[in-house]
Amino acid sequence: MALVDECIFCKIIRGEIPSFKVWEDDKTFAFMDINPVAKGHALIVPKFHTPNIYEAPQEWLGPTLGAVGRVARAVRDEVQPDGMNILQANDKGAAQSVFHIHFHVIPRIVDDGLTMNWDMVPGDMDEIDKLAEKIAAHTASE
Ligand code: 5GP
Ligand code: ZN
């Protein structure tokens, strides 16, 4: 297991810092966020230190997303929210504050005031089409 000493989530995985654990297997760990933005706010991490989605090896992303689904269903069953957002931040511009990749499970209630929603405004289809082609070229060359 590739964990590092100075990372707070690696410390949580190793049990050096206490956490409210909700799931663990050989590759993943999930625990409650101690600054919850909603009742049931939980975090899911791989047992592999990697800072973000760009660097995360595919073999760790798969099991981690599986655990996200498992925890999301568990939180839904217990909290019974109106909906659920899965959030994952990369870099400071996206307000990432802990640099060990993690997925937030955030239960939502209608009109809860959390500012993660946006109005749907149709884009320029020509522009979207051209950008999609360029992005597809990048994904193909990975
Ligand atoms: P980010 O801003 O990087 O997407 O989210 C980091 C999250 O980690 C925040 O929601 C923050 O509350 C949570 N967090 C930071 N330190 C700790 C900790 O020591 N224990 C737990 N359970 N959560 C933490
Ligand atoms: Zn770490």
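Me: In this predicted model, how far does a backbone N or O atom of serine 97 lie from an oxygen atom of ligand 1?

Reply: The model is predicted, not experimental. Ser97 is among the residues that come nearest to ligand 1. The contact uses a backbone N or O atom of serine 97 and an oxygen atom of the ligand. Their separation is 2.7 Å.

Me: What share of the exposed area of ligand 1 does the protein bury?

Reply: Taken alone, ligand 1 exposes 520 Å². The ligand sits in the largest pocket. The protein buries 85% of that 520 Å².

Me: Which residue has a polar side-chain atom 2.7 Å from an oxygen atom of ligand 1?

Reply: Alanine 95 also reaches an oxygen atom of the ligand, at 3.0 Å, but through a backbone N or O atom. The side-chain contact at 2.7 Å belongs to asparagine 35.

Me: Which element gives the most to the shell around ligand 1?

Reply: The shell holds 16 residues. They divide into ten nonpolar, five polar and one charged. With three residues, the top contributor is α1.

Me: Why does the pair of phenylalanine 9 and phenylalanine 31 count as edge-to-face?

Reply: The count of aromatic pairs comes to three. In this one, the ring centres are 5.3 Å apart. Planes over 60 degrees apart count as edge-to-face. Here the planes stand at 80 degrees, so the pair is edge-to-face.

Me: How many residues apart in sequence are the parts that this pair ties together?

Reply: Phenylalanine 9 lies in helix α1, and phenylalanine 31 in strand β2. The pair therefore links parts whose separation in sequence is 22 residues.

Note on methods: Residues are numbered from 1 along each chain as its sequence is written. Chains are lettered from A and ligands numbered from 1 in the order in which they are written. This is a predicted model: local features need pLDDT of at least 70, side-chain atom pairs count only at pLDDT 80 or more; totals for chains, interfaces and linings use all residues. Side-chain values use heavy atoms; hydrogens and water are left out. A residue is near a molecule or strand if one of its heavy atoms lies within 4 Å of it. A polar contact is a pair of N or O atoms within 3.5 Å; within protein, one must be able to donate a hydrogen and the other to accept it, and residues adjacent in sequence count only if both atoms are side-chain atoms. Accessible areas come from the Shrake-Rupley method with a 1.4 Å probe; for residues, only the protein chains shown count as cover. On a 1 Å grid over the protein atoms alone, a cavity is a set of points where a 1.4 Å probe fits but cannot get out, and a pocket is an open set with protein on both sides within 12 Å along at least five of seven lines; lining residues have an atom within 4 Å of a point. A molecule sits in a cavity or pocket if more than half of its atoms lie within 2 Å of its grid points. Helices (H or I, at least four residues) and strands (E, at least two) are DSSP runs, numbered from the N terminus. Ala, Val, Leu, Ile, Met, Phe, Trp, Tyr, Cys and Pro count as nonpolar, Asp, Glu, Lys and Arg as charged, and the others, Gly among them, as polar. Rings of Phe, Tyr and Trp (its six-membered ring) pair if their centres lie within 6.5 Å; planes under 30 degrees apart count as stacked, over 60 as edge-to-face and the rest as tilted.
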